[in-house]
Amino acid sequence: MINGAILYAMAIILLSISFIKDRNKTRDALLKSWKSFRNIIPDMLSIMLFVGLSLSILTPTLISSIIGEKSGLTGIVYSALIGSIALVPSFVVFPLGHTLVQNGAGLPQVAVLMSTLMSVGITTLPMEQIFGRSFAYSRNVSAVVMSLIFSYIIWVVMG
């Protein structure tokens, strides 16, 4: 909370300095940023809706039943798919991973799930295309590949 207050205070101070220095440029910059934000709002709302639905459907018990210790490669593939589709903030991912392991999920499966949850963004793909379609796709594909390699390393080391 304090960090947010500090950042907002700094933004207000710097915006005030900019406004004092050149009112027209500051006004033009604010209008341009508002238009950009207004264009992103529909994508953000759809992502938030999808995330909410995903979190309500994909409970830890359901996920751990699919990716149990004995699920092997099939569980890893399911984990990669679930993690690529669902979008969960990082502060939720680690407790979720701990809960899944306690409920019987395998470590490689949880590793790829956690990795893809934080690095792959199929639900955020519409927003990522701001950077270019090929960049968005190549970033997501490389994130899935790295997550699978990470899971394989854990499978070999722990098995």
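**Helix packing and aromatic pairs in a predicted model**

G4 is found in helix α1, residues 2-21, where helices (H or I, at least four residues) are DSSP runs numbered from the N terminus. With a relative accessible area of 28%, G4 is partly exposed; buried means under 20% relative accessible area, exposed over 50%, and partly exposed in between, with a 1.4 Å probe and protein chains only. The C-alpha atoms of G4 and G52 are separated by 24 Å, and the two residues are 48 apart along the chain.

Before I continue, two remarks on the source. This is a predicted model, in which local features need pLDDT of at least 70 and side-chain atom pairs count only at pLDDT 80 or more, while totals for chains, interfaces and linings use all residues. Residues are numbered from 1 along each chain as its sequence is written, and side-chain values use heavy atoms, with hydrogens and water left out.

I turn now to helix packing. Two packed helices are described by the angle between their axes and the distance between the axes. Axes here are lines fitted to C-alpha atoms, for helices over the stretch in contact, and angles run from 0 to 180 degrees between N-to-C directions.

Helix α4, residues 72-85, packs with α6 at an angle of about 20°, the axes being 8 Å apart. That makes α4 roughly parallel to α6, the term for angles under 35 degrees, whereas those over 145 count as roughly antiparallel, 65 to 115 as roughly perpendicular and the rest as oblique. Ala, Val, Leu, Ile, Met, Phe, Trp, Tyr, Cys and Pro count as nonpolar, Asp, Glu, Lys and Arg as charged, and the others, Gly among them, as polar.

How do α6 and α8 pack? Their angle is about 160° and their axes are 8 Å apart, and they are therefore roughly antiparallel to each other. This crossing, too, is right-handed. The residues in contact divide into 10 nonpolar, 7 polar and 1 charged.

The axes of α4 and helix α8, residues 133-158, come within 11 Å and cross at roughly 145°. α4 passes α8 in a right-handed crossing. On the α4 side the contact is made by G72, L73, I76, A80 and S84, and on the α8 side by V144, L148, S151 and W155.

Is Q109 buried or exposed? Q109, in helix α6, residues 107-119, is buried, with a relative accessible area of 2%. Leaving aside neighbours within four places in sequence, Q109 is in contact (heavy atoms within 4.5 Å) with residues including G72, G75, I76, S79 and S151.

Finally, the aromatic residues. The structure holds 2 aromatic pairs; rings of Phe, Tyr and Trp (its six-membered ring) pair if their centres lie within 6.5 Å, and planes under 30 degrees apart count as stacked, over 60 as edge-to-face and the rest as tilted. The rings of W34 and F37 have centres 5.8 Å apart and planes at 40°, so this pair is tilted. W34 and F37 lie 3 residues apart in helix α2, residues 23-57, and are thus separated by about one helical turn. W34 is partly exposed at 46% relative accessibility, as is F37 at 39%. F131 and F135 form an edge-to-face pair, 6.0 Å centre to centre with 75° between the planes. F131 counts as exposed at 63% relative accessibility, whereas F135, at 41%, counts as partly exposed.

Notes
Helices (H or I, at least four residues) and strands (E, at least two) are DSSP runs, numbered from the N terminus. A crossing is left-handed if the near helix is turned anticlockwise from the far one by less than a right angle, and right-handed if clockwise.
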